[in-house]
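Thanks for coming, everyone. Let me put the model on the screen, and then we can walk through it together.

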Amino acid sequence: MAPMDANEPEGDELTPLHPNYVKVVRLGALLFALPFVLGALVLELVHVFPHGVFLVPILLVALWLVVRAPLRRYHARGYQLGPDRLRVVRGLMFHSDTVVPFGRVQHIDVHQGPIERGYGLATLVLHTAGTHNASVKLPGVAHADALAMREEIRAHIKRETM
Amino acid sequence: MSDAAAPEEWRRTSPRSFLVGATMGLRNAGLPTLAALVGTGAWRAGWVAIVPTAAAMLALAVLFSWIAWRHFRYRLGDSDIRVERGLFSRTARSVPYERIHDVSLEQALVPRLFGMVEVKFETGAGGKDELVIRYVDAAEADALRETVRAHKAGPVVTAGKAAPLPESASRRMAAPKRSSRRIPTRSVTSGNRYRH
């Protein structure tokens, strides 16, 4: 897909996320869709409405959410670790391209949810000074990579302050 | 985790903080439970209803508090403070010393009864996203503050970083009056952070 090539400010390559990220998003979507599908099934079984009025559309939407959307999202995302900044690109319908200069980073989190942990992934969170939208998240990187990126950013902060 | 640092550098908060957590949990759960007992009319059954409820509440408070304590550890590194916490969902936070503006020590009522102090490292990242270590004893809290202060004073001090804790702790033991009196917020800001 690579929709970013045209409007890339610096013309450098984006690093794609770890392929396992698709599975993580799929599992999350599955857990999200499950209650709705179950509800539709119940409505189907009680025979109050005509057959399939709820079940069919909900199943279609769930299928899209679980199968198609994660792949598209995966391809829309990417990051780029520069010498003094991190660029995070994301979004299908609402596209966003965020640059965080390391000089503005206050602290760094490496977060692992239970699903991410199962796939060996982590989310790198950079907290910047400020009150609104102050943290930039980069999900779907391998845990070891996230730790390495943390070290690099931290080293940069140290160098800059000295 | 998979850091190069020696595992013994990781520290847990004081074991007593688990008692504090349990007490706070009990305090928070007490009223709702009472309301539930009265609301459902279960209290009319007398001890048969009240004793198991209270026991379950106690067990849950202790369990959660213990899990929280067991899965929280921190480390004072060469250039940052690290905290790792969480059972299912794990977060590892790293705060470089350069970014710490202020170290505040707080004692709320319940922790105070147990002689525990809550240490907050404020970084200027708006709102809740700061580093909190709860709870440690007064000596450790002071040592934490001193360590941050030493690192802010200059990078040279880094060499002595392994030492300050026990040394500072013993100093505090020798003069406990002074340290316990000035618990509320003390600033460690060294003023050089606005230099850009």
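Before I point at anything, helices here are DSSP runs of H or I with at least four residues, strands are runs of E with at least two, and both are numbered from the N terminus. This is a predicted model, with local features needing pLDDT of at least 70 and side-chain atom pairs pLDDT 80 or more, while totals for chains, interfaces and linings use all residues. Residues count from 1 along each chain as written, chains are lettered from A and ligands numbered from 1 in the order written, and side-chain values use heavy atoms, without hydrogens or water.

Let's start with the helices of chain A. How do H1 and H2 of chain A cross? The axes of H1(A), residues 20–46, and H2(A), residues 55–76, come within 9 Å and cross at roughly 175°. Axes are lines fitted to C-alpha atoms, for helices over the stretch in contact, and angles run from 0 to 180 degrees between N-to-C directions. The two helices are therefore roughly antiparallel, a label for angles over 145 degrees. Their contact has 21 nonpolar residues, three charged ones and no polar ones. Nonpolar here is Ala, Val, Leu, Ile, Met, Phe, Trp, Tyr, Cys and Pro; charged is Asp, Glu, Lys and Arg; the others, with Gly, are polar.

While we're here, look at A:His47, in the loop between H1 and H2 of chain A. Most residues other than glycine have a negative phi. A:His47 also counts as exposed, because its relative accessibility is 55%. The scale is: under 20% relative accessible area is buried, over 50% exposed, and in between partly exposed, with a 1.4 Å probe and protein chains only.

Now please turn to chain B and its own helix pair. H1(B), residues 16–40, packs against H2(B), residues 47–70, at an angle of about 145°, with the axes 8 Å apart. On the H1(B) side, the contact residues include B:Gly21, B:Ala22, B:Gly25, B:Ala29 and B:Gly30. From H2(B), the contributors include B:Met57, B:Leu58, B:Trp66 and B:Trp69. Contact means heavy atoms within 4.5 Å. By class, this contact has twelve nonpolar, seven polar and no charged residues.

On to the strands, back in chain A. Which strands make up the open sheet of three in chain A? The order is E1-E2-E3, with antiparallel pairing, where pairing takes at least two DSSP bridges between two strands. E1(A), residues 78–81, and E3(A), residues 96–101, are the edges; each has a single partner strand, so one side of each has no neighbour in the sheet. The twist averages 10° from one strand to the next. E1(A) and E2(A), residues 85–90, are joined by four bridges, and A:Gly78 sits opposite A:Val89 of E2(A).

Further along chain A comes E5(A), residues 121–128. Eight of its eight residues are buried, so the strand is largely enclosed by the rest of the structure. In a regular strand the side chains alternate between the two faces of the sheet. In E5(A), A:Leu121, A:Thr123, A:Val125 and A:His127 point one way, and A:Ala122, A:Leu124, A:Leu126 and A:Thr128 the other. E5(A) pairs antiparallel with E4(A), residues 105–112, over six bridges, and A:Leu126 is the bridge partner of A:Ile108. Another six bridges link E5(A) to E6(A), residues 135–142, also antiparallel; there A:Ala122 partners A:Val141.

Chain B has an open sheet too, in the order E4-E5-E6, with antiparallel pairing. E4(B) and E6(B) stand at its edges with one partner strand each, so each has a side without a neighbour in the sheet. Neighbouring strands are turned by 25° against each other on average, ignoring direction. H4(B), residues 138–153, packs on this sheet, touching E4, E5 and E6 of chain B, and its direction makes about 140° with that of E6(B). H1(B) lies across E5 and E6 of chain B, at about 110° to E6(B).

Within the sheet, E5(B), residues 116–122, has six of its seven residues buried. Five bridges connect E4(B), residues 102–106, to E5(B), with B:Glu106 opposite B:Glu118. Six bridges pair E5(B) with E6(B), residues 131–137, and B:Met116 partners B:Asp137.

One last stop: where is the cis peptide bond in chain B? The cis bond joins B:Arg134 and B:Tyr135, with omega at about -5°, and B:Tyr135 belongs to E6(B). Most peptide bonds are trans. Thanks, and I'm happy to take questions.

Notes:
Parallel < 35°, antiparallel > 145°, perpendicular 65-115°, else oblique.
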